[in-house]
Amino acid sequence: MKPFFLLLCTLTLSAQRNFDVVVYGGTAAGFTTAVSAARHGQKTVLLEPHNHIGGMATGGLSRTDVGRREVIGGMALEFYYRVGQRYEMGRYNNPVAWFYEPKVGEDVMRTMLKEAGVEVLFNQRLKEKDGVKKEGAKVTEITMTNGSRFAGKVFADCSYEGDLMAQAKVSYTYGRESSAQYGETLAGVRDRTPKHQFEVELSPRGADGKLLPEISDKPVPPPGTADKGIQAYNFRIIATNVAANRLPWPKPAGYDAKRYELLAKFLEADTKRRGRAPVFHEMTLIAPIPNGKADFNNNGPFSTDYIGKNYGYPEGNYAERDRIWEDHVRYVQGYYYFLANDPRVPKSLQQEVNTWGLPKDEYLDTRHWPHQLYVREARRMVGEYVMIQKDLQTDLSKPDVIGMGSYNSDSHNIQRIINTKGFVENEGDMQVGVKPYQIPYRMLTPKRDEVTNLLVPVCFSASHVAYSSLRMEPQYMILGHAAGLAASIAIQNAQAVQKIDVAALQATLKKEAGVFQFVENDQIKAIGAIRELLRPKGVQTFNWE
């Protein structure tokens with residue numbers, strides 16, 4: 001017989017808890033979905049599989065991908081405004097902080113969740129199989145791996161992976177569509193692209209004739225062909241060059257310098273080509289953030305982007321995903337450790353690398369390493385409306401607009417191949433400008449004959465090409481804001497999420513500083529609306545006009 005307290009714990013964990021809105025995934029979208037729903041009177045729970053709120057917005061991506069900042073409004077703008085107040089940005093005649101420290105960003109998110117009355121529960125991972133219960137076209141309950149059960153009137157899958165969506169039998173895809181499927185010129189396998197590309201001709205083989213690590217020798221189909229390749233993931237590192245706060249670059253478990261043979265060859269050849277050694281910024285994109293820190297991203301042909309090693313992630317079981325996650329940790333840690341220590345790295349570059357390191361005051365519970373793998377893309381829903389290339393370039397207006405996007409189409413490389421000349425080449429990069437465009441509500445909703453009470457603000461309905469622009473953290477926040485409000489409207493009127501009054505949704509979003517039209521060099525009106533919304537909450541604001 002189990003001890004009484006163990007039996008009580010088991011019963012407590014397995015007992016169903018009832019909410020109006022159940023949000024799965026504490027990403028930037030999950031945070032705003034939960035706050036939005038709760039602010040509109042719904043009993044809301046936010047279930048996060050790990051231990052932190054914010055996903056990439058607090059997991060290393062501190063140099064916000066704003067695109068045109070004039071299109072960022074609503075709760076997204078409120079977040080960046082409130083972060084700005086933490087740094088007293090009003091002193092600089094600028095009320096918004098787009099670049100910030102992760103610990104500050106997460107604290108702002110937790111404050112907003114607490115103010116709204118959202119119940120936040122950590123270490124709540126959806127049961128891997130049979131975790132979603134449905135009755136007809138409605139999700140009624142989800143179960144976690146620890147046995148916890150959550151019933152709701154409306155659910156929101158705000159995870160990067162879309163597991164709730166998938167278990168709810170919603171149509172979805174992953175990888176790249178062909179150029180023929182939606183008539184997208186940027187779709188499918190890409191022809192040679194200039195960015196993050198080898199500008200020197202490098203043999204893919206070592207002195208022994210064997211293929212070097214991190215290169216695929218599989219044949220490459222013609223441009224425009226569909227595949228199941230996934231744009232590269234990495235870790236966005238927060239580093240510091242303040243000696244008192246700096247830790248040395250960690251040596252990963254099982255480190256093997258041979259993994260970086262291609263990097264060593266590239267450094268040697270590129271130094272000869274340039275007539276000088278590379279500088280650190282050419283090896284990793286360094287974006288300063290407050291207090292002597294910086295957000296480090298990929299840069300160049302061999303970087304922190306772990307190309308071609310994430311294909312199993314979207315559909316992988318938890319064990320496979322955990323393996324891929326840890327493999328990315330070892331690869332990215334090894335990349336910086338190699339640059340900091342390997343004798344083949346030019347001395348000037350190595351000295352510069354070692355002026356940086358991990359900050360002692362960030363990510364205290366994960367050994368100062370970011371808590372979130374940069375899952376740039378995984379599953380994508382095929383819902384009521386699929387956003388495609390034309391929606392970013394020519395068909396810019398939508399009758400059911402809920403927000404705007406403006407970041408260029410940005411897909412990272414998908415495979416490292418041997419080209420027709422026999423040299424190493426990266427394939428898959430996409431960096432193509434867009435015009436500020438409207439985002440439709442229908443992109444958040446599944447097909448109505450599949451599920452009527454689920455919203456999907458991260459793995460939303462878009463092609464690979466369109467997703468590459470929409471996948472930015474401010475847009476996730478914008479979509480979450482709309483999703484939380486839509487959930488509230490659906491509950492209040494006992495409607496399917498596909499049938500809510502979109503005009504009412506739009507009217508409330510506008511009152512809450514939503515932006516539906518691009519006006520160049522004009523964000524003053526939206527910021528003013530944010531300030532007025534914050535006054536009743538007692539949030540301090542600074543005069544800045």
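How many of the 545 residues of the protein chain count as buried? The figure is 60%, where buried means under 20% relative accessible area with a 1.4 Å probe, protein chains only.

Before we go on, hello everyone, and a word on the model. It is a predicted one, where local features need pLDDT of at least 70, side-chain atom pairs count only at pLDDT 80 or more, and totals for chains, interfaces and linings use all residues. Residues are numbered from 1 along each chain as its sequence is written, and side-chain values use heavy atoms, leaving out hydrogens and water.

Now the overall picture. The protein chain has 14 helices and 22 strands, which are DSSP runs: H or I of at least four residues for helices, E of at least two for strands. Its radius of gyration is 23 Å, close to the 24 Å from the globule rule for 545 residues, so the chain is as compact as a globular protein of that length. That radius is taken over C-alpha atoms, and the rule is 2.2 Å times the number of residues to the power 0.38. Along the principal axes, the C-alpha atoms fill a box of roughly 70 × 65 × 50 Å.

Let's zoom in on one residue. N298 sits in strand β13, residues 293-298, and is buried, at a relative accessible area of 4%. Its side chain makes a polar contact with the side chain of D305, at 3.3 Å; that term means a pair of N or O atoms within 3.5 Å, one able to donate a hydrogen and the other to accept it, and residues adjacent in sequence count only if both atoms are side-chain atoms.

Technical notes:
Buried means under 20% relative accessible area, exposed over 50%, partly exposed in between (1.4 Å probe, protein chains only).
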